[in-house]
Structures are given as C-alpha cells and as structure tokens.
Amino acid sequence: MNKKELIRLSATKIIAEEGFYKTKVQDIADDAEIAVGTVYIYFKNKDDILDYIFESQHTKMSEFIGRLEKEEISPLEKIKRILKYHFKEMENHPDLAKVLSQEGTGPLKNQDSEMKDDSLGVPDIFQKMLEDSKEIGEIRDIDAEMFGYVIFFVGRKTAYLLQIKGKKDRYYKAFEELLTFIVNGIKV
C-alpha cells in the first residue's frame, strides 16, 4: 500500500474516533507508523487529508456509477443499486461512515472556514436519474434537484446512525426500508 493511502486509512480511523478538530496530524502519523514529515509530503494540512478522504470515496462511487451507466436498466433501478452499494460500503467501512457523516455536515467549529460541498456532485447524479425516470413515466413529477439531495443525505445519515447507535446488524433491513420508503414516495 502506498503511503498516501496509508495516511488516508489512518486519518479515517483517528478522525472517526476523535473527530476532525481533536485529531492531530501527529496522531495520524503515529497510527500509520510514519514520521509526521512524511504526512506533509503528501498533504498540506489536516483539511487536505479530510478532502482526500471525501475525494477517494467520491472516486469509488463515480467508478461504480460509470459501470452502472453502461447497463440497460431503468434510472430508478440505478438509484436502488447506488444506494445498495453505498450501504454496503458504509457497512464494510464503519470508520468511513462516521467520518463522511460527522465531518460532512453540521456547524463549523472554525467560523473563518468556508463550508465545503462534501457531496462532490452525487446529488446531481441522482437528480439526472430522477429526471430521466420522470421522462419515461417511472416516477411522478417531483422536484428532482431537491430529491437528489434528499436521497444523498438520507442515505448517508442512515448509514451513520446505524454505526453510532450500534445497530450494525440491522443494515440490510434499514436499507430495504429506506429504499421502499423512497421508491414508494416517488413512484407514479
């Protein structure tokens, strides 16, 4: 494994345990068993590490969606498969679930910082799929932009709550219930 990935994994673990603002770059370096200077070879600062965590997950999601786009399935089925993929990722990577949810939303501790768009375009992907689904009469006339965000954030928060509430054994049931709730709410 390359050092940048090692740093990402250690940072994900430490940030999930301590929270972003309490985490120190030295803690990440210690967990990765590398010198703190090595971290700075790959990242400018702790914010840069957090950005990389989000970007890495977005890249994985984009690659999955790219493969899905090549399949001859309905837009609504694509949304279902994306949600299933997301829930499986969060189930298999609980620290990542915590970091994505804890650090992706909520009030800023440092008021001088700008709020980052941590969704990295995923709600826009849902929006397009919802618009395509409306065009073929698969779902009712909804605000596709708003529902793109709703699906994104509900999926993320649900995965997070299952982790922090110790309900990891309920992932599949929660996924099925959430999917049923969303699909039944927008179907024609």
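Visitor: Which residues does Ser133 touch, not counting residues up to four places away in sequence?
Guide: Ser133 touches Pro75, Leu76, Glu138 and Ile139, where contact means heavy atoms within 4.5 Å. This is a predicted model, in which local features need pLDDT of at least 70, side-chain atom pairs count only at pLDDT 80 or more, and totals for chains, interfaces and linings use all residues. Residues are numbered from 1 along each chain as its sequence is written, and side-chain values use heavy atoms, with hydrogens and water left out.

Visitor: Is Ser133 buried or exposed?
Guide: Ser133 counts as buried because its relative accessible area is 0%. Buried means under 20% relative accessible area, exposed over 50%, and partly exposed in between (1.4 Å probe, protein chains only).

Visitor: And where is Ser133 placed?
Guide: Ser133 sits in helix α7. Helices are DSSP runs of H or I with at least four residues, numbered from the N terminus.

Visitor: What does helix α7 give to the negative patch?
Guide: Helix α7, residues 122-135, supplies the largest share of that patch, 3 residues.

Visitor: Which residues form the negative surface patch?
Guide: The patch consists of Asp124, Glu131, Glu135, Asp143 and Glu145. Patch residues have over 30% relative accessible area and no salt bridge; like charges are joined within 9 Å, and nonpolar side chains (Val, Leu, Ile, Met, Phe, Trp, Tyr) within 5 Å. A salt bridge is a side-chain nitrogen of Lys or Arg within 4 Å of a carboxyl oxygen of Asp or Glu. Asp and Glu count as negative, with the charge placed at CG of Asp or CD of Glu.

Visitor: How is Glu131 classed?
Guide: Glu131, which lies in helix α7, is partly exposed because its relative accessibility is 33%.

Visitor: Which residues form the nonpolar patch?
Guide: Met146, Val150 and Val154 form it, with about 230 Å² of accessible area together. Accessible areas come from the Shrake-Rupley method with a 1.4 Å probe, and for residues only the protein chains shown count as cover. Val150 belongs to helix α8, residues 144-164, and is partly exposed at 35% relative accessibility.

Visitor: Changing topic, what is the phi of Glu33?
Guide: Glu33 has a positive phi of about 60°, although it is not a glycine. Glu33 lies in the loop between α2 (25-32) and α3 (36-42) and is exposed, with a relative accessible area of 74%.

Notes:
Helix = DSSP H or I, 4+ residues; strand = E, 2+ residues; numbered from the N terminus.
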